[in-house]
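Colleague: Hi, could you walk me through this one? I'd like to start with the helices.
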Amino acid sequence: MIVLAVLRHEQRLADMAGEHDVSESTIRRWRDELIGLLAAQAPRLDHALKKVAIQGGKVVLIDGTLIATQRRTGKADRRKCSGKHHHHGLHFLALIDEWGRLIWISAPGPGRTHDNTAARQDHVLAHLRAAGLGALADPGFRGLDNDVLDPVIVFRARRTHKLTPARRPPTASSPSDAHPSNTASPTSRTGGASPSSAPVPLAPRASCAPCSF
């Protein structure tokens, strides 16, 4: 409970040590041991994606987030300042399945880290292709996947950023339709018909509550 209070509510180690009549170094050791235990229980990226594929999943959602932290003094802390959010923090990359459940989260990076940089460092595209899965992402991931013949990343529009026709796959109305096998043709990304095959009819538009966020 002491460690949870430190991690959850950012209680100072000296305050917790004085209140519970233990030394500050003991609180720090307990905190580090619990963090190591939780980190050891976290699934690896390749194992998490293989589990999704075995359960019949076709696509995952990928996004980055900034966990705000307190500002510290010194030049070394400047790397933790996010110019996008105008705040100090740590950057995390998260993968979510079609039902909105968190399946994997990356190690913390500096707050100024871009989503594409974090994805390249963890080789997310290579693991997605190995598992045979696609990914839904916001337009902030533009430039991560430039393979037109075998795309993995399918972009979803936001209210403030509409998709261009080239970024709007005709079969991306549901997560199962956004699988790379349905968007493998370069002409499918632009809505054109392939000259060597019949045009693929559009899937019926269906609501998907878990993926609507």
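Modeller: Happy to! A term to begin with: buried means under 20% relative accessible area, exposed over 50% and partly exposed in between, with a 1.4 Å probe and protein chains only. This is a predicted model, where local features need pLDDT of at least 70, side-chain atom pairs count only at pLDDT 80 or more, and totals for chains, interfaces and linings use all residues. Residues are numbered from 1 along each chain as its sequence is written, and side-chain values use heavy atoms, leaving out hydrogens and water.

Colleague: Great. Which residues of helix 2 are buried?

Modeller: L13, M16 and A17, in a helix spanning residues 13-20 (helices are DSSP runs of H or I, at least four residues, and strands runs of E, at least two, numbered from the N terminus). Those three cover an arc of only 100° around the axis, so they sit on the same side of helix 2; the arc is taken from the directions from the helix axis to the C-beta atoms.

Colleague: And which exposed residues does the face turned away carry?

Modeller: G18 and E19.

Colleague: What do the buried residues of helix 2 pack against?

Modeller: Helix 1 (2-9) and helix 3 (24-41), with contact meaning heavy atoms within 4.5 Å.

Colleague: Changing topic: where is D138?

Modeller: D138 is in the loop between strand 6 (134-137) and strand 7 (153-155).

Colleague: Is D138 buried or exposed there?

Modeller: Buried, because its relative accessibility is 8%. A polar atom of the D138 side chain also lies 2.8 Å from the backbone nitrogen of G140.

Note on methods. A polar contact is a pair of N or O atoms within 3.5 Å; within protein, one must be able to donate a hydrogen and the other to accept it, and residues adjacent in sequence count only if both atoms are side-chain atoms.
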